[in-house]
Amino acid sequence: WKESNVRSILSEHMGRIAGVTAEETRDRLLGAAASVFARLGYEKASISDITAEAGSSPRLWLVDEVTSVVGWEQVVKELRDNTALAGDGVVLTGSSASGLDEAVRSLGAGRTNVADPFRLLLPMTFREVLIATGAEVPLPEPVSPDALQGETASRSALSLVAFTDELDLAWQRYLETGGFPRAVGDWSRTGEVSRAFVRDLQAWLSAEVTWGEPVESAVGLLVALHHRTTNPLDVTETAVALHTTRDKLRIRLERLTRSFAAFWCHQSDAEGHRVSHSQSKLYLIDPLLARLPNLLDETESPPDLTRSTEAMLGLALARSVTALHPERFLEQRAVMYARTGGGGEVDFAPTSVAVGGSRFSTCPIESKWAPSGWKSGARTARGKYGRGVVATKNTTDVTGDVWALPAPVVALFLDPL
């Protein structure tokens with residue numbers, strides 16, 4: 001009975017020892033189990049004893065959605081400190097930032113033998129989507145966010161002028177499908193995001209953001225937030241529009257950002273610090289979330305691609321800054337906007353970054369995704385900073401102190417180096 005039980009366990013749950021076949025792994029583990037049982041007895045033997053005897057340690061553990069388990073940080077810490085897990089490779093994934101501060105304290109560098117143990121996985125970039133879908137457009141090399149108006153960027157932008165229309169169409173497609181890998185895969189196979197994934201996104205938001213409320217609450221929240229994307233969010237006014245209270249809406253917004261479904265863009269002062277008690281912009285993390293209400297109910301209006309463009313440019317800049325300073329995205333300070341003296345605003349204000357041991361400021365960016373009228377955005381950036389880039393729909397102009405670059409080109413330039 002014991003032998004058949006062990007064979008059943010090994011058959012159902014066994015991994016594979018590196019460098020050998022599955023059959024050899026099974027035979028080695030069975031032999032190791034017999035030796036361990038002879039030495040320790042069946043009741044006292046553990047799986048770690050058997051794998052150690054077989055020479056299959058260290059092992060690789062993958063625990064998905066660990067953040068859904070209350071108190072996971074302390075459990076993992078105890079296992080690491082008091083069991084053979086300390087010598088194994090462990091990958092923990094989750095879709096929420098809840099408990100992350102405690103995880104950093106308990107499992108941070110210096111205690112894991114890994115220089116940078118934390119990774120932030122966001123939806124695919126515009127460049128990654130183009131590559132995955134086989135789009136036939138040239139891909140320029142990324143530039144540092146402080147060099148968006150540099151010589152390399154100028155040469156690359158001019159070389160892409162002939163492909164402006166192709167890039168614009170690819171950008172619009174990206175704004176419709178987004179960067180969730182499953183959505184990109186659906187589109188590659190069928191030309192559309194599957195209904196099943198749309199429903200899964202709705203279920204995810206209902207579970208993470210609006211749990212305990214009607215399912216349509218998540219959809220209403222997305223509609224309200226997308227409509228207000230390009231302006232600082234008035235929480236009180238938005239709460240009234242959603243027929244809820246200010247405090248309840250704040251809880252929803254906290255859950256939204258904790259679940260990496262959205263990120264904040266706070267107001268910056270002249271020194272690049274957040275302005276206290278000011279209203280902040282909120283951007284959805286993926287354009288498919290803005291389209292979700294329409295996909296679920298065709299009577300809902302499709303998303304405004306101008307708003308989605310600003311959000312995705314903000315995400316592209318946030319990625320670029322976070323590549324240099326990994327803590328900034330989680331701290332909600334990777335991107336900021338600035339007010340002008342005349343009551344206007346620059347969508348993405350300069351922020352200080354360290355590049356190659358030196359400190360620089362990122363290039364100011366104004367989003368004007370329209371076939372004309374970009375010079376009004378140029379005047380805003382020029383008046384505030386004397387420089388900058390206006391992200392347009394199809395205009396390239398690298399003369400003067402403020403440039404015009406197509407939004408997809410800006411997004412490609414801002415890919416993390």
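Contact is defined here as heavy atoms within 4.5 Å. Helices (H or I, at least four residues) and strands (E, at least two) are DSSP runs, numbered from the N terminus. The structure is a predicted model, in which local features need pLDDT of at least 70 and side-chain atom pairs count only at pLDDT 80 or more, while totals for chains, interfaces and linings use all residues. Residues are numbered from 1 along each chain as its sequence is written, and side-chain values use heavy atoms, with hydrogens and water left out.

Helix H17, residues 374-385, lies across strands E9, E10 and E11 and runs at about 135° to E11; axes are lines fitted to C-alpha atoms, for helices over the stretch in contact, and angles run from 0 to 180 degrees between N-to-C directions. The three strands form an open sheet in the order E9-E10-E11, with parallel pairing, where two strands pair if DSSP finds at least two bridges between them. Strands E9 (365-367) and E11 (402-406) are the edges, each pairing on one side only. On average, neighbouring strands of this sheet are turned by 25° against each other, direction ignored. Between E9 and E10 (residues 388-392), the parallel pairing extends over 3 bridges, and Glu366 stands opposite Val390 in E10.

A further open sheet consists of 4 strands in the order E4-E3-E5-E6, with mixed pairing. Its edge strands are E4 (281-284) and E6 (345-346), each of which pairs on one side only. Strand E5 (residues 336-339) pairs with E6 in the antiparallel sense over 2 bridges, and Arg339 is found opposite Glu345 in E6.

A nonpolar core is a set of buried Ala, Val, Leu, Ile, Met, Phe, Trp, Tyr and Cys residues joined through side-chain atoms within 4.5 Å; buried means under 20% relative accessible area, exposed over 50%, and partly exposed in between (1.4 Å probe, protein chains only). The largest such core has 85 residues, of which Leu148, Trp171, Leu205, Leu256, Leu289 and Val410 touch the most other members. Helix H15 (residues 305-324) supplies the largest share of this core, 9 residues. Apart from neighbours within four places in sequence, the contacts of Leu148 include Ile365, Val389, Trp403 and Leu405. A second, separate core of 7 residues includes Leu29, Ala32, Ala45 and Ala54.

In helix H3 (residues 47-54), the buried residues are Ile50, Thr51 and Ala54. Seen down the axis of H3, these buried residues fall within an arc of 95°, so they line one face of the helix; the arc is that of the directions from the helix axis to the C-beta atoms.
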